[in-house]
Amino acid sequence: MSHRTCINIGPFHPLQEEAEFFQLYVEGETVVDMDMRTSYNHRGIEKIDESKTFDQVPFVVERVCGICSASHPLAYIQAVEEIAHVQVPERALYLRTIVNELERIHSHMLWVGLAGHFLGYNTVFMWAWKYREPIMEALEIATGSRVNYANCKIGGVRRDMTEDLLKQIDKACADLVGPLDMLTKAVLDDPILHARLKTVGVLTPQAAKLYGALGPTARGSGLPIDVRRDDPYAAYDRVDWDVCTAPDGDVFGKAVVRLLECFEAVKIIRQCVKDMPGGEIDAKVEHIPPGEGVGHVEAPRGETFHYVRADGSNRPVRHKVRAPSFNNIPTFKASCIGHKIPDVAIILASVDPCYSCTERMCTAVDADTKKPMYDFAEMVRLSREKTEKMRKEW
Amino acid sequence: MTVALSKTEIPLTGFVGQVLQRLGEAVVEVEKCDRRRGFARIDPARTVEVAEKMIAMEGCRLATATGVDVRDGIDVLYHWAFEPQGVVVTLKVLAAGPDLQVESIANVVPAANWIEREMHDLLGANFRNHPDMRRLILDDSWPEGVYPLRKDFDQVADRPPLPPNQTPPDVPPEKRQAE
């Protein structure tokens with residue numbers, strides 16, 4: 001029997017720059033077992049939510065993750081709407097869909113870029129992040145912020161979109177198709193990427209089911225599961241789109257699914273803009289009766305699951321948040337064993353793990369006076385100025 | 001205290017009804033059964049048997065579980081999602097008694113592994129026969145027996161002190177003073 005060594009990756013991941021801790025047990029170059037630990041940044045959001053009113057909770061839960069900050073509030077809101085039997089106006093459903101799909105595009109492009117970076121293919125990184133930027137701008141102009149959109153509320157959405165803005169979003173999406181096509185072909189036809197990604201980190205459909213894998217991780221293993229189609233919310237049952245799957249379960253399959261989903265997202269947004277109904281953007285909700293509700297939303301990384309229990313007061317008794325990476329990260333146990341160490345680096349990135357570590361804030365301190373250069377109010381003012389400027393120039 | 005749980009009059013219709021019917025006598029109370037959602041309470045002695053039946057069903061996966069601190073103990077809610085029906089069936093088990101024990105399903109459904117560890121960390125429910133009950137959420141320095149998600153835990157007053165900062169041993173003493 002050969003000598004067994006333990007290789008530590010973390011607790012601060014050198015590439016993903018997030019707090020996670022993997023221990024790889026290797027014999028030679030081959031990984032024979034692994035262990036993992038996360039939750040170095042646990043913020044107790046579920047406990048905080050119990051002390052917030054139903055209307056305040058969406059602003060807390062969108063801070064669960066800076067990338068899924070449209071999906072988490074929507075899942076929570078759907079759970080509450082299920083308890084209170086709220087009928088959401090049509091226009092609000094379409095507006096929700098647009099913001100959620102813009103979020104999906106920017107998240108998938110971010111992953112494609114990072115995956116290229118992990119493999120040492122920095123051209124892909126630069127392309128992907130360059131073409132992602134117009135989508136981020138569209139989000140900022142539509143919602144006022146690049147992250148934490150504060151878009152949804154119980155009963156509808158908080159902001160309407162003008163005809164002009166919808167046209168601009170449509171144009172940003174239409175302009176993305178060409179570069180996205182180029183990027184997809186560059187990635188899918190690249191022999192080096194084939195060699196690095198095919199048959200690497202295979203997650204079988206059986207393992208995906210047992211581990212409860214979600215989103216592109218499950219669809220890359222040939223499981224056609226997608227909450228948007230299976231349990232339609234927002235306007236997903238009113239537009240025409242397809243669930244993208246790949247049969248092999250390897251890292252390449254997951255990349256294919258993510259790239260193809262960007263095209264589907266563009267398709268969905270453009271249909272929503274075209275079919276946008278008029279009318280109200282929110283329904284009046286006066287009281288949340290006692291009861292319990294389940295809300296789930298297909299976030300870019302998979303199903304985001306929220307459970308809310310109400311007792312008739314103005315605060316939730318219990319609010320459970322389950323982000324998709326909570327189910328996807330344990331699948332490494334099924335997909336990493338037997339691979340060489342250099343391959344494991346990309347397998348660990350393949351599920352697009354998200355550790356929700358956006359809770360920290362940096363302050364710039366003047367070197368001479370030792371005083372913070374910007375306080376919170378100043379930063380809010382600057383960011384609002386920037387958004388206004390962008391809106392005028394767009 | 002024993003409370004006779006009567007089977008409520010909710011008709012078992014649609015796909016959710018079929019799922020609950022397949023579980024048979026293990027279901028002791030149906031709380032909701034509509035087109036998209038089902039809520040039911042199951043016999044705590046048959047948790048593993050129910051989990052085996054559920055995961056064997058076509059298109060079923062464990063979405064997650066929720067622990068709720070209730071008067072009689074910790075309510076453990078397993079949320080099972082079905083694709084492509086888009087149905088979520090929530091099966092509840094009460095971890096009651098002084099030791100708050102309930103049978104673990106992580107040996108049957110690996111997806112339950114982390115979430116049961118989380119419920120153990122945050123709420124103090126004890127899962128019998130769990131394959132790997134190490135800490136997942138709480139820091140190693142967090143005191144034993146303090147459960148931050150319980151209703152009687154106050155976020156400010158009950159917060160345990162932070163562990164002392166550990167200075168690396170290779171830092172010379174004069175530098176330690178400066179810090």
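**View 1. The loop that holds Ser39(A).** Ser39(A) is found in the loop that runs between strand S3 (30-37) and helix H1 of chain A, where helices (H or I, at least four residues) and strands (E, at least two) are DSSP runs numbered from the N terminus. Although Ser39(A) is not a glycine, its phi is positive, at about 70°. Residues are numbered from 1 along each chain as its sequence is written, while chains are lettered from A and ligands numbered from 1 in the order in which they are written. The model is predicted, and for that reason local features need pLDDT of at least 70 and side-chain atom pairs count only at pLDDT 80 or more, whereas totals for chains, interfaces and linings use all residues.

View 2. Three strands of chain A form an open sheet in the order S1-S2-S3, with antiparallel pairing; two strands are taken to pair if DSSP finds at least two bridges between them. Strand S1 (4-9) and S3 of chain A are the edge strands, each pairing on one side only, and the twist averages 20° from one strand to the next. Strand S2 (residues 21-27) of chain A pairs with S3(A) in the antiparallel sense over seven bridges, and the bridge partner of Tyr25(A) in S3(A) is Asp33(A). Helix H14 (residues 341-350) lies across S1, S2 and S3 of chain A and runs at about 155° to S2(A); axes are lines fitted to C-alpha atoms, for helices over the stretch in contact, and angles run from 0 to 180 degrees between N-to-C directions.

View 3. Strand S7 (residues 302-310) of chain A is joined to S8(A) by six bridges, and Tyr307(A) stands opposite Lys320(A) in S8(A).

**View 4. The packing of helix H4 against helix H5 in chain A.** The axes of helix H4 (residues 90-118) and helix H5 (residues 122-143) of chain A come within 8 Å and cross at roughly 160°. That makes H4(A) roughly antiparallel to H5(A), on a scale in which angles under 35 degrees count as roughly parallel, over 145 as roughly antiparallel, 65 to 115 as roughly perpendicular and the rest as oblique. The crossing of H4(A) and H5(A) is left-handed, the near helix being turned anticlockwise from the far one by less than a right angle, whereas clockwise would be right-handed. The contact of H4(A) with H5(A) has 16 nonpolar, six polar and one charged residues; Ala, Val, Leu, Ile, Met, Phe, Trp, Tyr, Cys and Pro count as nonpolar, Asp, Glu, Lys and Arg as charged, and the others, Gly among them, as polar.

**View 5. The packing of helix H6 against helix H11 in chain A.** Helix H6 (residues 163-188) and helix H11 (residues 251-275) of chain A have axes that come within 10 Å and cross at roughly 160°. H6(A) and H11(A) are therefore roughly antiparallel to each other, and H6(A) passes H11(A) in a left-handed crossing. Residues of H6(A) including Leu166(A), Ile169(A) and Cys173(A) meet residues of H11(A), among them Leu259(A), Phe263(A) and Val266(A), where contact means that the C-beta atoms, placed from the backbone, lie within 7 Å. By class, the contact of H6(A) with H11(A) divides into 17 nonpolar, one polar and two charged residues.

**View 6. The contact of chain A with chain B.** The contact takes 24 residues from chain A and 27 residues from chain B. S7(A) gives the most to the side of chain A that touches chain B, with four residues. That side of chain A has eight nonpolar, five polar and 11 charged residues. The model scores ipTM 0.90 and pTM 0.91.

View 7. Strand S1 (residues 27-33) and strand S2 (residues 37-42) of chain B run antiparallel and are joined by five bridges, with a hairpin of three residues leading from S1(B) to S2(B). Cys33(B) stands opposite Gly38(B) in S2(B). The peptide bond from Glu83(B) to Pro84(B) is cis, with omega near 5°, and Pro84(B) lies in the loop between strand S4 (73-82) and strand S5 (87-95) of chain B. The mean pLDDT of chain B is 88, and 88% of its residues reach 70 or more, pLDDT being the predictor's confidence in each residue, from 0 to 100.

Key:
Contact = placed C-beta atoms within 7 Å.
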